[in-house]
Amino acid sequence: MGLIAFLKEKFSKKNKDTKVDKYQEGLSKSRKNFSSKLNSLSERYKTVNQDYFDELEQILIESDAGISFTLNVIEDVLNQSKRDHITDPKQINEILVDKMFVGYAEKGDIQNDVVFRENGPTVLLVVGVNGVGKTTTIAKLAYRYINQGKKVLLVAADTFRAGAVEQLTTWAERLKIDIVTGKPESDPASVAFDGVKKAKENNIDLVIVDTAGRLQTKNNLMLELGKIKRVMGKEIEGAPHETFLIVDATTGQNGVVQAKAFKEVTDLTGIVITKMDGTSKGGIILAIRDELGVPVRFIGLGEKMDDLEEFDLDKYLYGLCVENN
Ligand SMILES: Nc1nc2c(ncn2[C@@H]2O[C@H](COP(=O)(O)OP(=O)(O)O)[C@@H](O)[C@H]2O)c(=O)[nH]1
Ligand SMILES: [Mg+2]
């Protein structure tokens, strides 16, 4: 059974165990773009030829899947179709989805949830440029882990942007959890230090640290993040234990450029792609994975506290490639 048939079976309405609704809804713009183009392509061709593959390549690139991912996948599809003598466009599209799956999976680890330490606070550092959804994602993550019975502390180490501290404070109030803040334009590292200290004293399970992530120069960013990490690491062994980069899906290939820049200056353990609900180019996940090899841990599918989902490759490909049934 090919992957599409498998996914249809897995997520069919009768199979209520595996909820896919949020993905289907959040990815509807991307699906309209991607899957309708695939369908119309396979209707226009009786049998595949070079033009077909060129158009297929174009569809992937237009979905922001990235040049290198696209070229590799198309080559894999071509090779398999030749080997198995497949010329039916519908079957080619099925092979395509198989190869997209493999293209993601073979790029490294697959991991979702924060990995908690056995003893003491786990520290999650959140980085990314202004406006991508860091603070909102922090609130969503806090909400998720509070619901799992964890004691969560927020740390507002974005002391640069006016209003950033207030925004996180409002979330902390709504979530009824503690927050550590500093004065405007104070040293982010000193706020981070206060945060980890408080976490140790209060038996916190998860410390989530918001940062400004200014990317004017890589050197500045490296120094700033380096300092934050150093002070935290002195207080809590191995901190930060997780560093998530937040990428806004609607920024397209620019998001890929940002992601590469961040990866150069700091060790990333995960990516969160936000605003998937607001883009028609959901292939961005594939491009970022391809370029960075870092697992996509969560995706943002809206502005509300519960609009954060674990990244699930099956649900994602189903949401992107399979018309609602
Ligand atoms: N539609 C949508 N909007 C989002 C999502 N995540 C964040 N936002 C919005 O993006 C804007 C910027 O978010 P913010 O958390 O302040 O970004 P920050 O500057 O990186 O901290 C806000 O209006 C958020 O509500 C998402 O997954 N979907
Ligand atoms: Mg913010």
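In which sense do strand β7 and β8 pair, and over how many bridges? In this predicted model, β7, which spans residues 296-300, pairs with β8 in the antiparallel sense, and 3 bridges connect the two. Within this pair, G300 stands opposite L308 of β8.

Both strands belong to an open sheet of 8 strands, whose order is β3-β2-β4-β1-β5-β6-β7-β8. The pairing in the sheet is mixed. Its edges are formed by β3 (178-180) and β8 (308-310), each of which pairs on one side only. On average, and with direction ignored, neighbouring strands of the sheet are turned by 25° against each other.

Two helices were examined against the sheet. Helix α8, comprising residues 164-175, lies across β2 (152-157), β3 and β4 (206-211), and runs at about 170° to β2. Helix α9 (residues 188-201) also packs on the sheet, where it touches β1 (122-127), β2, β3 and β4. The direction of α9 makes about 165° with that of β2.

A further contact is that between helix α5 (residues 67-83) and helix α6 (residues 89-105), whose axes come within 9 Å and cross at roughly 130°. Because of this angle, α5 is oblique to α6. The crossing of α5 past α6 is right-handed. On the α5 side the contact is made by F69, V73, I74, D76, V77, Q80 and S81, and on the α6 side by I92, I95, L96, K99, M100, G103 and Y104. By class, the residues of this contact comprise 9 nonpolar, 3 polar and 2 charged. The loop between α5 and α6 contains H85. Although H85 is not a glycine, its phi is positive, at about 55°.

The peptide bond joining A239 and P240 is cis, with omega at about -5°.

The structure holds 16 salt bridges. One of them is formed by D314 with K10, and the closest N and O atoms of this pair are 2.7 Å apart.

Methods. Residues numbered from 1 in each chain as written. Chains lettered and ligands numbered in written order. Predicted model: local features only at pLDDT ≥ 70, side-chain atom pairs only at ≥ 80, totals over all residues. Heavy atoms only, no water. Pairing = 2+ DSSP bridges. Helix = DSSP H or I, 4+ residues; strand = E, 2+ residues; numbered from the N terminus. Axes fitted to C-alpha atoms, helices over the stretch in contact; angles between N-to-C directions. Contact = heavy atoms within 4.5 Å. Parallel < 35°, antiparallel > 145°, perpendicular 65-115°, else oblique. Left-handed = near helix turned anticlockwise from the far one by under 90°. Nonpolar A, V, L, I, M, F, W, Y, C, P; charged D, E, K, R; others polar. Salt bridge = Lys/Arg side-chain N within 4 Å of Asp/Glu carboxyl O.
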